[in-house]
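Morning, everyone. Please have the sequence and the model open while I talk.

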Amino acid sequence: YADRLIIDVDDNPCDVERTAARTSRTWRNRMYHRYRAAIVEKVVEKIQHASRFTYYTNPQQAIYANSAYLPNIPFYEYDLPLCNYAETKKRLLFVGNMSYGPNTKGVDRFVESVFPQIREQIADVELHLVGGCNQQAYLDKWSKIEGVQYMGFVDDLQQEYLQAQVVVVPIYGGAGTNIKVLEAMQMRRPCVTTPYGMRGFSEYFADGKEILIAENETTFAEKVVHLLNNEMKNHTIATNAYSAMTAHFSRKAFNKIVEHTFKSLCSAHS
C-alpha cells in the first residue's frame, strides 16, 4: 500500500542522530552517530520515494517532489492579554517534556549558565519549569538553586502563562520544530530562544521583531533581562509574534495546506 501512503514526519530520525553526533563527548560516539545518521538518511529516502506523499514540520526538509511543509501548530487557542507588569512577578517560564533529552539538557544548561547571570541583575527573578520529568538527578540539582521551581504537570497551563513575563526556550539539539515557541507566541508572551530553537521558523519570525535569539549564554541572559525590565519592548515583541503566528501557524493555515495536497493528489490519481 506504499503508493497510497501519506506520512507525517514530526521528528526526522536523521536529525536525532546528527544531534547526537554533534553533542557526543567522545570521538568514538561522534563517529558512531555519524555512521548511523548516514544509514538512517538512506532508509528515510527509500521510504520517501516509495510512499505517495510526506509532510515535514521543518520546511528545510521538504525537499522532495512528493513532499510538503506542514507546520506544527499550537494546541491551545486561549485569548490571553498582554503581560500586566503591575500584577505579575519577574517570572520566567519553560514548558516542555523534560523527560526528553534535548529539553532536559537545554533546561539544565540554562539553569546552570544563564539563570545565575539574570539573578545578578534581578535578584527576585523566578523560573517556573512546567512539564513531566523522570530525571530525578536533574530535579534534585535544580531544587537547590534559589528561584527555580519545578511545577511538573499543572491543571491550568493558562495560569502559568498569565503569571509569566517571559518564556525561555533554551534548546540546543533535537529534531523537528519547537512548538513551545509557537505556544508562547499564541499566549502573547515574548520568547527568547537559541538559533537551534528557531529551526524551521526563520522565514516567519525575525530576531528583535517577533522573537529574541541568543547566540550564547551571556546574550541569552541580557535579552531576558531586557524584556523583564522593559514592558513596552515586552508588549511589542509579544504583539508582533502573535500576529505572525496566527497568520502562518493557525488551524486555518494548517487545513489549507492539507486540503491543497489532497486535492492535488486526487487530481493526479484521476
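Predicted model: local features only at pLDDT ≥ 70, side-chain atom pairs only at ≥ 80, totals over all residues.

Residues are numbered from 1 along each chain as its sequence is written, and side-chain values use heavy atoms, leaving out hydrogens and water.

Helices here are DSSP runs of H or I, at least four residues, and strands are runs of E, at least two, numbered from the N terminus. Helix α7 covers residues 217–229, and its axis lies 9 Å from that of α3, at an angle of about 50°. Axes are lines fitted to C-alpha atoms over the stretch in contact, and angles run from 0 to 180 degrees between N-to-C directions. The pair is therefore oblique; under 35 degrees would be roughly parallel, over 145 roughly antiparallel, and 65 to 115 roughly perpendicular.

Which residues make the contact? Among them are F110, V114 and I118 of α3, and F220, V224 and L228 of α7. Contact means heavy atoms within 4.5 Å.

Is D108 buried or exposed? D108 counts as buried because its relative accessibility is 11%; the cut-offs are under 20% for buried, over 50% for exposed and partly exposed in between, with a 1.4 Å probe and protein chains only. Leaving aside residues up to four places away in sequence, D108 touches Y138, K141 and W142.
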